Amino acid sequence: AMHADRYSRMVAWLKVSLPLLALAILSTLFLISRAVDPPVTIPFADAEVQDRLNNQQVTGPYFSGISANGDQIDFVAETVKNAPNAIGTKIAGNVDVQVKFISGLSAELTAREAVIDIADDRTRLTGNFVIVTSQGYVLESELMLVRMSSPEMNSPGPVTGTTPVGTIDAGTMHFFVPDESGNSQLVFTNGVKLIYQPKR
């Protein structure tokens, strides 16, 4: 009887002590997990966060479409955000535009910044603007005005670069597709200087 009594006391003690032990372990785990939780911080400076909230910046945007002539246009940039005080105008940073003309020719345009007026189909490409064509033209300008729907390009300022026949400097440049044949044309005007370099 004494053995049974000791056994029942032992069971009663375990009934109390085991749940208490379990609680102690759980509370310790809880305290440890509370202690090692990473601080809730955003890895951006406050000014950058505010700028992103105000300008609704998009990172790595990509756009692909077909022009009225049937040319394929692929547009990619590092960032795009709303232009301040200009509804419907976007500012894109580090832009790369690739055009595959229906004729089979192609061109790649790169610039540090593009200001895109969607409603008027006007894009201003500035900062280290370069156009490279599959015909062998590599041309640079500080400002290029582009219509994506055509596509059509105008450089109102100086253009320099290399062509299949030599180097060129011109006051202005106009790039366009005159008809539905898809044959693009480059027209240089205003003090054109071509240094002819015949192929050996």
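Trainee: Is Thr-123 buried or exposed in this predicted model, and how should I read its relative accessible area?

Mentor: A residue counts as buried when its relative accessible area is under 20%. Thr-123 has a relative accessible area of 2%, and therefore it is buried. As for its place in the fold, Thr-123 lies in strand β6.

Trainee: Which residues is Thr-123 in contact with, leaving aside its neighbours within four places in sequence?

Mentor: With those neighbours set aside, the contacts of Thr-123 are Ala-114, Val-115 and Ile-116, together with Met-144, Leu-145, Val-146 and Met-148.

Trainee: What space lies in the largest pocket, and which residues are the closest to its centre?

Mentor: The largest pocket holds about 430 Å³ of space. Its lining is made by 18 residues, of which Phe-63, Phe-75, Ile-116, Ile-118 and Met-148 are the closest to the centre. Ile-116 and Met-148 are also among the residues in contact with Thr-123.

Trainee: Which strands supply the lining of the largest pocket, and how do its residues divide by class?

Mentor: At least two residues of that lining come from each of β2 (62–66), β3 (72–82), β5 (106–117) and β6 (122–133), and β2 gives the largest share, with four residues. By class, the lining of the largest pocket divides into ten nonpolar, four polar and four charged residues.

Trainee: What volume does the second largest pocket have, and which residues line it?

Mentor: The second largest pocket has a volume of about 180 Å³. Its lining consists of Thr-89, Val-115, Asp-117, Arg-122, Arg-124, Leu-145, Val-146, Arg-147, Glu-152, Met-153 and Asn-154, and β5, β6, β7 (138–147) and β8 (152–155) each supply at least two of the lining residues.

Trainee: Where in the chain do Phe-101 and Phe-175 lie, and is each of them buried or exposed?

Mentor: The pair links distant parts of the chain, 74 residues apart, with Phe-101 in the loop between β4 (89–100) and β5 and Phe-175 in strand β11 (residues 172–176). Phe-101 is buried because its relative accessible area is 6%, and Phe-175 also counts as buried, at 2% relative accessibility.

Conventions
Residues are numbered from 1 along each chain as its sequence is written. This is a predicted model: local features need pLDDT of at least 70, side-chain atom pairs count only at pLDDT 80 or more; totals for chains, interfaces and linings use all residues. Side-chain values use heavy atoms; hydrogens and water are left out. On a 1 Å grid over the protein atoms alone, a cavity is a set of points where a 1.4 Å probe fits but cannot get out, and a pocket is an open set with protein on both sides within 12 Å along at least five of seven lines; lining residues have an atom within 4 Å of a point. Grid points are joined across faces, edges and corners, and a volume is the space filled by probe spheres set on the points. Ala, Val, Leu, Ile, Met, Phe, Trp, Tyr, Cys and Pro count as nonpolar, Asp, Glu, Lys and Arg as charged, and the others, Gly among them, as polar. Buried means under 20% relative accessible area, exposed over 50%, partly exposed in between (1.4 Å probe, protein chains only). Contact means heavy atoms within 4.5 Å.
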